[in-house]
Amino acid sequence: MGPVKYTKIGLSILRWDPHGAVNGTMPTITKAAARIIAREHEGGDSPVIRSDRVRRQIADQIISGALRPGQELDEKKLAEAFNVSRTPVREALRQLAAASLVEWRPHQSAIVAKITPSKMVEMFEVMAELEGFCGRLAARRMTASEHANLISIHRKFRPYVQTRDREGYHSLNKTFHDAIYAGSHNQYLRAQASALYDRLAPYRAYQLKRPDALRLASEEHQAIIDAIVAGDGDAAFDLLRDHVSLSNELFADLVAALSAGDAEDMR
């Protein structure tokens with residue numbers, strides 16, 4: 001007989017016996033859990049689901065740059081915007097603070113997390129190494145179907161490059177990089193790389209504003225794909241590391257943009 005698994009549903013516990021059908025028993029569901037399941041089937045959301053939905057939507061706005069670093073996140077206004085109570089908003093902000101996307105300030109409104117110049121350098125250094133390591137493992141471990149998926153994603157960039165659609169390109173970029181993270185077949189590495197990608201996404205998006213950035217990034221993507229498909233781990237490592245590294249010129253531009261933003265916020 002295999003191990004008994006427990007699945008948490010809201011504040012209740014569902015006890016599932018994987019051999020229940022064989023033993024003639026059924027999972028035991030408490031009345032509270034049954035009410036939650038029924039409500040979800042009727043289209044309602046549990047508090048956990050509501051907070052998760054709010055968290056994802058706020059995170060998307062932070063990652064896209066719609067919410068700027070240092071911007072205040074008022075619980076009441078967010079609750080009204082998402083048509084929920086303040087409880088799921090507060091829980092969502094706590095989760096985002098744990099992911100370092102939000103700075104939680106006791107007795108004050110939370111704010112979108114800001115990165116100091118020195119911390120930015122440190123995080124980009126780690127991001128470059130994580131990306132490179134994912135590329136090295138992906139070159140060794142990606143399957144033929146994963147190669148095909150990566151190539152398919154890359155083709156979707158073409159209209160964004162042609163029309164210079166930075167927002168569309170930036171939205172698809174996470175999908176491209178996550179395919180490489182997944183191709184490493186190392187779930188811990190994938191989680192770490194993905195979390196840091198999200199944390200740096202608003203700053204990485206800034207580099208797409210530079211002249212000819214979309215075309216150059218797309219060409220780099222093609223070279224990365226070629227190395228991975230060829231099974232050249234060293235080349236994939238170097239190409240991905242260089243692809244996300246923070247150059248001196250870009251660093252200076254980012255610091256200037258952040259300083260300008262801080263000055264605007266103080267007006």
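Which residues of H11 are buried? I started there, keeping in mind that this is a predicted model, where local features need pLDDT of at least 70, side-chain atom pairs count only at pLDDT 80 or more, and totals for chains, interfaces and linings use all residues. Residues are numbered from 1 along each chain as its sequence is written, and side-chain values use heavy atoms, with hydrogens and water left out.

**Helix H11.** I found Ala213, Leu214, Ala217, Ser218, His221, Ile224, Ile225, Ala227 and Ile228 buried in H11 (under 20% relative accessible area, 1.4 Å probe, protein chains only). Helices here are DSSP runs of H or I, at least four residues, and strands are runs of E, at least two, numbered from the N terminus. I looked up what the buried H11 residues pack against: helices H6 (117-141), H7 (144-156), H8 (158-163), H9 (166-183) and H12 (233-244). Contact means heavy atoms within 4.5 Å. After H11 comes Gly231, with a positive phi near 75°.

Beyond its neighbours within four places in sequence, Met127 touches Tyr181, Ala193, Leu196, Tyr197, Leu200, Arg204 and Val244.

**Sheet.** Last, I traced an open sheet of three strands, order S3-S5-S4, paired antiparallel (pairing takes at least two DSSP bridges between two strands). S3 (72-73) and S4 (102-103) are the edge strands. In S5, Val112 is the residue opposite Val102.

How values were computed: Buried means under 20% relative accessible area, exposed over 50%, partly exposed in between (1.4 Å probe, protein chains only).
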